[in-house]
Amino acid sequence: MMLRFLLVFLLLSFHDEAWTQENESRSIHLLSSEFKPYYSSEMRDYGPLSSIISKSFKISKYKVIIYFFPWQKAMEVATTGFLLRKTGKGKKKIPIDGIFPLWYATPKGKIFHYSRRMIPNEIGLYKRKEILINFKGIPQLVNTLDNARLGVVSGMRYAPFLVSSIGRSLIEEGETNGQNLEKLMRGKLDMILIDRALGEFLQRKLYAKYTKAEAEKLRRIEWFATLQKKYMHVAINRKSEAAAEKILAFNEGYQKLLDSGQAKEVYESFNLTWPGD
């Protein structure tokens, strides 16, 4: 009887250990940072980008585990390929597979496998609706911006053609995008240069902050022109086990989400305008 019990116990232990090892082997550990409204530890499902990435991997039966750090720290850890975490027994080395998002750059291509392009950061201009400008493309925009008061964030790298076309005297630098948005709302700026989704996110925060009359002024703000699209990627460290297979799994899953409309559905569930793929 005791021998039978011992055999059953050993078989169950072996099954549990095998299941744990298999489960861990199908986990993907990714790093990211905080950038609302795209990804954040404080958002539902860690934000739309995180949610889409997790669902893409899930199609290939991978479970995504995300750790959030300041961007420089996240890049350092993703490059080394492991994270040290304190436990009751000392420090534990956690294998890190990759990071998101990255915007494709050749030098980092030597360290990471890049996924197919995902949704883009849409960089461009918000303006007040009463300012009537017909946008037909960047070349024509250069002429129409003459004498316009353009708000940018201090230290932000903006397109050289904007500087040459309207002159630095009409570029007003603010400390934050929220500050520039408020100036635009109050008529102290004609346009602001900003990420489109970030602009939508900040407007919702201002709606909740202001009175109904003040909020009405916000509704007179509209997206005017997309000047640049910076496509985001998942990046898997080449040293990660089966790195190429993991990127392929993501690419196939993401394509299925696009084809089914689920990627768009997830993105729009965060009250953001789908930028296309």
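**The largest cavity and its surroundings**

Analyst: In this predicted model, the largest cavity is lined by Tyr38, Pro120, Glu122, Arg196, Ala197, Glu200, Tyr267, Thr273 and Pro275. Two elements each give two or more residues to this lining, strand E7 (120-128) and H7. By class, the lining comprises five nonpolar, one polar and three charged residues. The volume of the largest cavity is about 40 Å³, and a search of the whole structure finds one cavity of 30 Å³ or more.

Helix H7 (residues 196-209) also packs against helix H6 (residues 177-185). Two packed helices are described by the angle between their axes and the distance between the axes. For H6 and H7 the angle is about 70 degrees, and the axes lie 10 Å apart. That angle makes H6 roughly perpendicular to H7. The crossing of the pair is right-handed. On the H6 side, the contact is formed by Asn177, Gly178, Leu181 and Glu182, which meet Leu198, Gly199, Leu202, Gln203, Leu206 and Lys209 of H7. This contact consists of four nonpolar, four polar and two charged residues.

From H2, the residues Ile52, Ile53, Lys55, Ser56, Phe57 and Ile59 meet Lys246, Ala249, Phe250, Gly253, Tyr254, Lys256 and Leu257 in H9. Sorted by class, the contact of H2 with H9 has eight nonpolar, two polar and three charged residues.

The backbone remains to be considered. Most residues other than glycine have a negative phi, and most peptide bonds are trans. The bond joining Lys36 and Pro37 is a cis peptide bond, with omega about 10 degrees. Pro37 is located in the loop between strand E1 (27-32) and H2. The loop between E1 and H2 also holds Asp45, a residue other than glycine whose phi is positive, near 55 degrees. A further cis peptide bond runs from Phe100 to Pro101, where omega is near -15 degrees; Pro101 belongs to strand E5 (residues 98-102).

Terms used
Residues are numbered from 1 along each chain as its sequence is written. This is a predicted model: local features need pLDDT of at least 70, side-chain atom pairs count only at pLDDT 80 or more; totals for chains, interfaces and linings use all residues. Side-chain values use heavy atoms; hydrogens and water are left out. Axes are lines fitted to C-alpha atoms, for helices over the stretch in contact, and angles run from 0 to 180 degrees between N-to-C directions. Helices (H or I, at least four residues) and strands (E, at least two) are DSSP runs, numbered from the N terminus. Angles under 35 degrees count as roughly parallel, over 145 as roughly antiparallel, 65 to 115 as roughly perpendicular and the rest as oblique. A crossing is left-handed if the near helix is turned anticlockwise from the far one by less than a right angle, and right-handed if clockwise. Contact means heavy atoms within 4.5 Å. Ala, Val, Leu, Ile, Met, Phe, Trp, Tyr, Cys and Pro count as nonpolar, Asp, Glu, Lys and Arg as charged, and the others, Gly among them, as polar. On a 1 Å grid over the protein atoms alone, a cavity is a set of points where a 1.4 Å probe fits but cannot get out, and a pocket is an open set with protein on both sides within 12 Å along at least five of seven lines; lining residues have an atom within 4 Å of a point. Grid points are joined across faces, edges and corners, and a volume is the space filled by probe spheres set on the points.
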